[in-house]
Amino acid sequence: MIRVEFLANELGPAAGADAAPGDALVDVSDACRAPVSFSCRSASCGTCLVEVLEGAALLAPRKADESEVLDLFDAPPSQRLACAARLVAHGEGLVRLRWAGGDE
Ligand code: FES
């Protein structure tokens, strides 16, 4: 089991959920009503940008579509798209995230 926690921000209070390895981050976010804003949900707009504060190794590597958008935003390696990232297929631990889509 992987615990996924989202920090509070202007969108809402902190939220978290226990997730299974391989789960999509967007599904975990929806399930716990995380304070993350989504728009396209298909790795093209960057609205769901999140900063990975802990547990980056528990997220599967970026795929090409996610990398293209992150490159457009000059996102550092610590940032991911919540609509595109998945948890690794095997593992357990804690992933802590902060929505960064509202940053200028
Ligand atoms: S919601 Fe558009 S990139 Fe994730």
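A salt bridge is a side-chain nitrogen of Lys or Arg within 4 Å of a carboxyl oxygen of Asp or Glu. The exercises below apply this criterion to a predicted model, for which the count comes to five salt bridges.

**Exercise 1.** Determine which residues are linked with E5 in a network of salt bridges.

*Solution.* Step 1: the side chains of E5 and R3 meet with an N to O distance of 3.5 Å. Because the limit is 4 Å, the pair qualifies as a salt bridge. Step 2: the network links R3, E5 and D18. Step 3: E5 has a relative accessibility of 29% and therefore counts as partly exposed; R3, at 30%, is also partly exposed.

**Exercise 2.** Locate the two partners of the salt bridge between R96 and E54 in the secondary structure.

*Solution.* Step 1: an N to O distance of 3.8 Å joins the two side chains. Step 2: R96 belongs to strand 5 (residues 93-99) and E54 to strand 3 (residues 49-54), so this pair links distant parts of the chain, 42 residues apart. Step 3: R96 is partly exposed at 26% relative accessibility, and E54 is partly exposed at 36%.

**Exercise 3.** Decide whether E66 and R80 are buried or exposed, and describe the surroundings of E66.

*Solution.* Step 1: the side chains of E66 and R80 form a salt bridge at 2.8 Å, N to O. Step 3: E66 has 1% relative accessibility; because buried means under 20%, E66 counts as buried. R80 is likewise buried. Step 4: beyond its neighbours within four places in sequence, E66 contacts A43, R80, L81, A84 and A85.

Notes
Residues are numbered from 1 along each chain as its sequence is written. This is a predicted model: local features need pLDDT of at least 70, side-chain atom pairs count only at pLDDT 80 or more; totals for chains, interfaces and linings use all residues. Side-chain values use heavy atoms; hydrogens and water are left out. Buried means under 20% relative accessible area, exposed over 50%, partly exposed in between (1.4 Å probe, protein chains only). Contact means heavy atoms within 4.5 Å. Helices (H or I, at least four residues) and strands (E, at least two) are DSSP runs, numbered from the N terminus.
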